[in-house]
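Subject: Structure for you to look at

Hi there,

Here is the structure I promised to pass on. Please open it next to this message, and my notes follow below.

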Amino acid sequence: MVAKNDFTPAEWKKLVQAPLLAGFAVTAADPSSFVGTLQEAFANAKQLAEAKSGASGELVKAIAEEILSSSGRTEAREGIRSIVQGAKLDEIKGRALEALKETATIVNQKAPGEAKIFNGWLTQIAKTVAEAGTEGGFLGFGGVKVSDAEKATLSEISQILGA
């Protein structure tokens with residue numbers, strides 16, 4: 001069984017940030033309207049809540065529990081803020097993807113038995129966030145569910161995570 005104690009504090013922090021980064025990368029690829037951004041944020045939160053009580057692996061459950069705690073959520077947000085601080089909009093996605101790559105490496109090395117489940121979970125979060133809002137259109141009419149930029153980002157995330 002893999003647990004928080006199997007990782008250094010810095011590694012654990014990266015793992016806790018990863019679910020937010022997976023969604024954040026998609027959102028940064030093609031920023032939505034205010035309503036679309038809220039829908040994407042709620043989709044990410046729903047995935048976390050489902051992971052905490054669902055049939056996911058032990059590592060996924062531990063991370064979901066951590067990030068759904070007040071201190072874990074604050075730490076994850078601060079970590080993401082430090083990753084994107086000073087970045088221009090077009091750089092944010094790249095930084096988020098690079099951080100996901102680092103996280104995947106940590107999990108593949110330290111918890112290879114949980115890596116497939118963990119990486120699949122992050123990929124699912126990104127997909128759910130991409131599908132949460134409508135891109136383009138006017139006042140919620142028209143547009144597409146997943147834009148070309150989001151599709152490209154989902155492909156990049158799948159390649160990084162090997163999912």
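Glu-75 sits in helix H4. This is a predicted model, so please read everything below with that in mind. Is Glu-75 buried, exposed or partly exposed? Its relative accessible area is 37%, and because buried means under 20% and exposed over 50%, Glu-75 counts as partly exposed. Setting aside residues up to four places away in sequence, Glu-75 touches Lys-13 and Gln-17.

H1 covers residues 9–29 and H4 covers residues 70–84; their axes come within 9 Å and cross at roughly 65 degrees. That makes H1 roughly perpendicular to H4. The crossing of H1 past H4 is right-handed. On the H1 side, the residues that meet H4 are Lys-13, Val-16, Gln-17, Leu-20, Leu-21 and Phe-24. Their partners in H4 are Gly-72, Glu-75, Ala-76, Arg-77, Gly-79, Ile-80, Ile-83 and Val-84. Sorted by class, this contact between H1 and H4 holds 8 nonpolar, 3 polar and 3 charged residues.

H1 also packs against H6. Here the axes are 8 Å apart and the angle is about 35 degrees. H1 passes H6 in a right-handed crossing. H1 brings Leu-15, Ala-18, Pro-19, Ala-22, Gly-23, Val-26 and Thr-27 to the contact, while H6 brings Phe-118, Trp-121, Leu-122, Ile-125, Ala-126, Val-129 and Ala-130. How many charged residues does the contact of H1 with H6 have? There are no charged residues in it, with 12 nonpolar and 2 polar ones making up the contact.

Two residues of H6 deserve a look of their own. Leu-122, leaving out its neighbours within four places in sequence, is in contact with Ala-18, Pro-19, Ala-22, Leu-100 and Leu-161. Thr-128 is also found in helix H6. Thr-128 counts as buried because its relative accessibility is 17%, and the cut-off for buried is under 20%. Thr-128 and Val-26 are 102 residues apart in sequence, but from C-alpha to C-alpha they are 9.8 Å apart in space.

In soluble globular proteins, nonpolar side chains tend to be buried together. In this model, the largest nonpolar core has 43 residues, and those with the most contacts inside it are Leu-15, Leu-59, Phe-118, Trp-121 and Leu-122. Which elements give two or more residues to this core? They are H1, H3 (58–67), H4, H5 (89–110), H6 (112–132) and H7 (148–161). H1 supplies the largest share, with 9 residues.

Finally, the chain as a whole. The protein chain has 7 helices and 0 strands, and along the sequence the pattern reads α-α-α-α-α-α-α. Of the 163 residues in the protein chain, 43% are buried. Among contacts with a separation of 6 or more, 73% are between residues 24 or more positions apart.

Happy browsing, and best wishes

Key:
Residues are numbered from 1 along each chain as its sequence is written. This is a predicted model: local features need pLDDT of at least 70, side-chain atom pairs count only at pLDDT 80 or more; totals for chains, interfaces and linings use all residues. Side-chain values use heavy atoms; hydrogens and water are left out. Axes are lines fitted to C-alpha atoms, for helices over the stretch in contact, and angles run from 0 to 180 degrees between N-to-C directions. Helices (H or I, at least four residues) and strands (E, at least two) are DSSP runs, numbered from the N terminus. Angles under 35 degrees count as roughly parallel, over 145 as roughly antiparallel, 65 to 115 as roughly perpendicular and the rest as oblique. A crossing is left-handed if the near helix is turned anticlockwise from the far one by less than a right angle, and right-handed if clockwise. Contact means heavy atoms within 4.5 Å. Ala, Val, Leu, Ile, Met, Phe, Trp, Tyr, Cys and Pro count as nonpolar, Asp, Glu, Lys and Arg as charged, and the others, Gly among them, as polar. A nonpolar core is a set of buried Ala, Val, Leu, Ile, Met, Phe, Trp, Tyr and Cys residues joined through side-chain atoms within 4.5 Å. Buried means under 20% relative accessible area, exposed over 50%, partly exposed in between (1.4 Å probe, protein chains only).
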